[in-house]
Amino acid sequence: MKDRPYMLLAELTYGCPLHCPYCSNPVQYPDGRELSTREWGRVFAEASKLGVLHVGFSGGEPLLRPDLPELVAAAHAAGLYTNLITSAVGLRKNRALQMREAGLDSVQISFQSDQEPLANQIAGASAHATKIEAAKMVRELGFPLTVNVVLHRLNIDQLERIISLAEGLEAERLELANAQYYGWAFQNRAALLPTRKQIAWATGIAAEQKKRLLGKMDILFVTPDYYTERPKPCMNGWGRQFMTVNPVGDVLPCPAASAISGVRFDNVRKRPLDWIWDQSESFNRFRGTEWMPAPCRDCSFREVDFGGCRCQAFLITGDASATDPACSLSPHREKLTTFVESIQAVHPAYSSAEQRPLRLSFRQNPTDRKCHTA
Amino acid sequence: MQMDEQSRPELARGVRLRNDPLTGEPVLLFPEGVLPVDETMYAILRRCNGDLTLTSIIRELAEEYDIDPQTVRQDVCECLTQLREQMLIALFK
C-alpha cells in the first residue's frame, strides 16, 4: 500500500510566550518569512487532497497568529479535523468563540506542573494561573480538552497531583509525554532525564490511575525510550503517515528533522505538497527498509519500529542512518547507556527544584532576522 | 460509570465518524488521532447515537446479520470497552 499522510502538524510560528527548556522547536531557527494566511490555505487544501484527515495547529504558540481563526476556517473547509495545541496564553473567550465558529474541533493545553511556582519556573513565564482559567473556559464552550504535561526529573514525582489537576479540569485526555530528547531538551538532558527509579514508579501510577479513570479520562503514558530495549516506531516510520510544515514552509517528516544536517527539506513555496510527499529526496531518504544498515536490515522488527528515530540516531551517533541507540542491538548503544547510568548517580535532592536552582538553558524566541512574521 | 444493558452509548465529545475520501472506508477522527474502522466496528458505531440502549443495539445487530445474540453481545462489549478506554465513546443512562 502506498504511504499517505494522515496527520499534518502545522507549526504556525516559532514565537512563544513560554521558554520551556524541553521545547521541541529547533535550536537553530530557519531563515525566512512565516507563511501567509493564503499560503496556509493552499497547504490545507493540498494536504486534504493528499489524504490528510487531521491537522494540529502548533508552534511556538499558534495564538500569536492574528489570523488563527481564518486558518482554522480554511482547514475546516478543506475537510480536516482541527486540533489547537496551545499554551493557552492569550486564549481569551472571544477568540475561542471565533475559533469554535470557524469549526475548531478540539483543544490541547500544556501544563508544566500542578504547582504554580514550579510550573512558572519551568515555563520561564508566569502562565500557570492563566492556563487554569483558559482550560475552564474551553470546557464551558464545549470543546473536548486534552491536557498535555511533559514529564521530566523536576516534575515526575508529582504525577499523582498532575493527574488530579487534569481530572479536576474534566479533561478527556491526559498526555503524560516524557520529554523527548531533541532540540532544547537534548541540550538540557542531564538536568531533565528522570532516574530509572522515578520512571518505574511513574509507570505504575499511570497504569493504576488509567484503570481508575476508565470512561472518564484517558491517560497516555509513554516510557522514555532512553529506558527501553527496543526503539519507538518514531512517527510510525519516516514519511509513512505524518508530515510537518514549519512556520517558513519547509516540509518535514517530523518536527525535529531539521536538526539532521545533510538533508535538505523542500518548501511549499517552491513545490506542491504531493510532489514533496511522493518524490522529494528528504521524504524518500529513510522511507521503507532499503536504507537500513545492519542490524536493522535483517531484524524481524524492521517493519515494527522502522529502525527507531532518525533524529535521535543523528544526535547521538552523528549518523542519521544508524540504528537508533535506543535499541539494545545498536552498535552505538553504549553512548546512550553511559549517559543513562550517569543519571542514576544523581542525588535525589538534586531532583527537587525548590532545593537547587534550575541549571537549564531556556528556549529562546527567534530573533528578528529569523522566520519573522508575515 | 459502568456499562450495562441500559447504557446508551454515543460518540464522545469531539469524535467524528467520517468516510476517508481517499478509500471510502470509515474512520474515527478524534483530538489526538485517526482510527481506521472495520466493518464490525462500523455496524456498532452507526448505532451509537445516544438513543439506543446496549440491549437494542445487540438485538438490531443480531437480527440484521442473523447472528446469535450471545456472540453479538461479546463483540459489542469488547468493541465498546476498547473505544471507551480511548474516550471515543461516552455512555448515557
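**A close look at chain B**

Tutor: Let us begin at the boundary, where 20 residues of chain A are in contact with 19 residues of chain B (two residues are in contact if their C-beta atoms, placed from the backbone, lie within 7 Å). Keep in mind that this is a predicted model, in which local features need pLDDT of at least 70 and side-chain atom pairs count only at pLDDT 80 or more, while totals for chains, interfaces and linings use all residues. Residues are numbered from 1 along each chain as its sequence is written, and chains are lettered from A and ligands numbered from 1 in the order in which they are written.

On the side of chain A that touches chain B, the elements giving two or more residues are strand 3 (81-86) and strand 4 (106-111) of chain A; helices (H or I, at least four residues) and strands (E, at least two) are DSSP runs, numbered from the N terminus. The residues on that side of chain A divide into 7 nonpolar, 8 polar and 5 charged, where Ala, Val, Leu, Ile, Met, Phe, Trp, Tyr, Cys and Pro count as nonpolar, Asp, Glu, Lys and Arg as charged, and the others, Gly among them, as polar.

Turning to chain B itself, we find 3 helices and 5 strands, and from the N terminus on its elements run β-β-β-β-α-α-α-β. The radius of gyration of chain B is 13 Å, close to the 12 Å that the globule rule gives for 93 residues, so chain B is as compact as a globular protein of that length (the radius is taken over C-alpha atoms, and the rule is 2.2 Å times the number of residues to the power 0.38). Along its principal axes, the C-alpha trace of chain B spans about 35 × 30 × 20 Å.

Now look at the sheet of chain B, an open one of 3 strands in the order 2-3-4 with antiparallel pairing; two strands pair if DSSP finds at least two bridges between them. Strand 2 (16-19) and strand 4 of chain B stand at the edges, each with a single partner strand, so one side of each is left without a neighbour in the sheet. On average, and with direction ignored, neighbouring strands of this sheet are turned by 30 degrees against each other.

Strand 3 (residues 26-30) and strand 4 (residues 33-36) of chain B run antiparallel and are joined by 4 bridges. V27(B) has P36(B) as its bridge partner in strand 4 of chain B, and L29(B) has V34(B). A hairpin of 2 residues links strand 3 of chain B to strand 4 of chain B.

Finally, consider a pair of helices in chain B. Helix 2 (residues 54-65) and helix 3 (residues 69-85) of chain B pack at an angle of about 125 degrees, with their axes 9 Å apart, which makes helix 2 of chain B oblique to helix 3 of chain B. (Axes are lines fitted to C-alpha atoms, for helices over the stretch in contact, and angles run from 0 to 180 degrees between N-to-C directions; under 35 degrees counts as roughly parallel, over 145 as roughly antiparallel, 65 to 115 as roughly perpendicular and the rest as oblique.) From helix 2 of chain B, I57(B), I58(B), R59(B), L61(B) and A62(B) meet P69(B), V72(B), R73(B) and V76(B) of helix 3 of chain B. The residues of this contact divide into 7 nonpolar, no polar and 2 charged.
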